[in-house]
Structures are given as C-alpha cells and as structure tokens.
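Dear colleague,

My notes on its packing follow directly after it.

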Amino acid sequence: MNKKLLSLFIAGGLITLTGCSTNQYKTEEERGTEKNVITAAAAIGGMLAANALGVDSNIGKVAVGAITGFTARAVYDEVNKGTASDPNTTVTPVQIDGQQYIQVEVKNVNFQSGSANLAPSELGRLLPIIQTMTSHPNTKVHIEGHTDSDGSNEFNQQLSDSRARNVSFYLMDNGISRDRIVTYGYGEERPIASNSTPEGKRENRRVTFLISEN
C-alpha cells in the first residue's frame, strides 16, 4: 500500500471513530466498546497514523518564547501551576508546522520495564492535564508513548503504542472524549537519557502530551 493510500485509509478510520457519540456520561459497556474500537484502530500503527496526518513532534519542532492565543496561554499557565510540585514534569510551548502546542513531558513515569501499565501512584501526575482539558473543551491532545531499549524494536514499538493508549483510557475515564485524543508510540527511537544505566532507562519510559486548540 503506498503512503498516500495508507494516509487516506488511516484518516478514514479516524473519521469513523470520531463519528460516534462523544457523550461523557457513558455506561461501562459503552466505555468498553469505545476502548476496544481505539485498540483495534491503533493496531494499524499509531506512530504511522500520526505521521501520515502530519504530526511529528520532533520534526520541525521549535520552542517558542511568546505564547499567542488566549487558550494556549491559559493551558500553559494552568498545567504549569498544577505540576509545580512535580520536578519531573516540564511544560514548554512549542510550534510544529505552524501549529502551536503546549508540550507536557512527564518524565520518570513509573512504567515497569516491559509493561504498559502505570502504577496507581503515577495517575495523580496526569490530573493537571485532565483538569485543564476539562476547563478548555476546545482543546485536543496528542499522547506519545516511549520505551527504553530493552527488547526488540518491534516489541518496543508495540509497547509504546500500548502505553499511549492506556494513558488515553485514563483520560477518557475522567471525562475527556476520545475524539479529542490521538495516540501514537515511538518505541525506543527517541531516548532523552542513556539506556546504559537503570536511571536512564527509567527516564526513557515516559509519556509526552501535546495540547492544542482544535
């Protein structure tokens, strides 16, 4: 399948997903169905879908000094305030292909090696993002999953996709509609620390959020 056709296929799948109800007051059965649909769609490759749609946070990314737009400024201020006590979360305004994002890097996140599950103690670190997105329903978020270098490239790609999806499920369970969320994984290809030490590997098991206006 050529890249253009693949892009159309992926985009069509995403459009299909967003065509369903986005009512946050869903039954458990409806939430389960929604998660299954997202899981099936992600099987085609979250990173590939994001790149096909022109979102790649490391290509053409530029940190910006001045934040333009009322919503972007409000998101930046609110997430900064909410994460002020978390030294391992950084909030940075960035621009990608002319679009402004508020990047939230949640580092040293406790994904056990080889696992896509967040420790319960880590979930509170995501609350500032949930609260901010709830306050600003005109925003959406791209969630990136990352891994350390343990295991094969294929395994780590799947693992990073799963990590991003699991985080998205937590956002959905807290009232963020799935049509405001895009997930994808980068496997082990974008380390922020050395994989030669346990400390570095822990830093590389992380999640990055890119929040923007719709």
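**Surroundings of Ile 143**

Ile 143 is in contact (heavy atoms within 4.5 Å) with Ala 164, Val 167, Ser 168, Leu 171, Ile 181, Val 182, Thr 183, Tyr 184, Val 207, Thr 208 and Phe 209, leaving aside residues up to four places away in sequence. Please note that this is a predicted model, in which local features need pLDDT of at least 70 and side-chain atom pairs count only at pLDDT 80 or more, while totals for chains, interfaces and linings use all residues. Residues are numbered from 1 along each chain as its sequence is written, and side-chain values use heavy atoms, with hydrogens and water left out.

**Nonpolar cores**

A nonpolar core is a set of buried Ala, Val, Leu, Ile, Met, Phe, Trp, Tyr and Cys residues joined through side-chain atoms within 4.5 Å. Buried denotes under 20% relative accessible area, exposed over 50%, and partly exposed in between (1.4 Å probe, protein chains only). The largest such core has 28 residues, of which Val 104, Val 141, Ile 143, Val 167, Leu 171 and Phe 209 touch the most other members. At least two residues each come from helices H4 (70-82), H6 (127-135) and H7 (153-173) and from strands E3 (99-106), E4 (139-145) and E6 (207-213). Helices (H or I, at least four residues) and strands (E, at least two) are DSSP runs, numbered from the N terminus. H7 makes the largest contribution to this core, with 6 residues. A second, separate core has 7 residues, among them Val 94, Ile 96, Tyr 101 and Tyr 184.

**Helices H4 and H7**

In H4, the buried residues are Thr 71, Ala 72, Ala 74, Val 75, Tyr 76 and Val 79. These buried residues pack against E2, E3, H6, E4 and E6. The 21 residues of H7 reach 30 Å from first C-alpha to last, close to the expected 30 Å; the expected span is 1.5 Å times one less than the number of residues. After H7 comes Gly 175, with a positive phi near 95°.

**Tyrosine rings**

Tyr 184 and Tyr 186 are both buried. Their rings form an edge-to-face aromatic pair, 5.5 Å centre to centre with 85° between the planes (ring centres of Phe, Tyr and Trp, the last by its six-membered ring, lie within 6.5 Å; planes under 30 degrees apart count as stacked, over 60 as edge-to-face and the rest as tilted).

Yours sincerely
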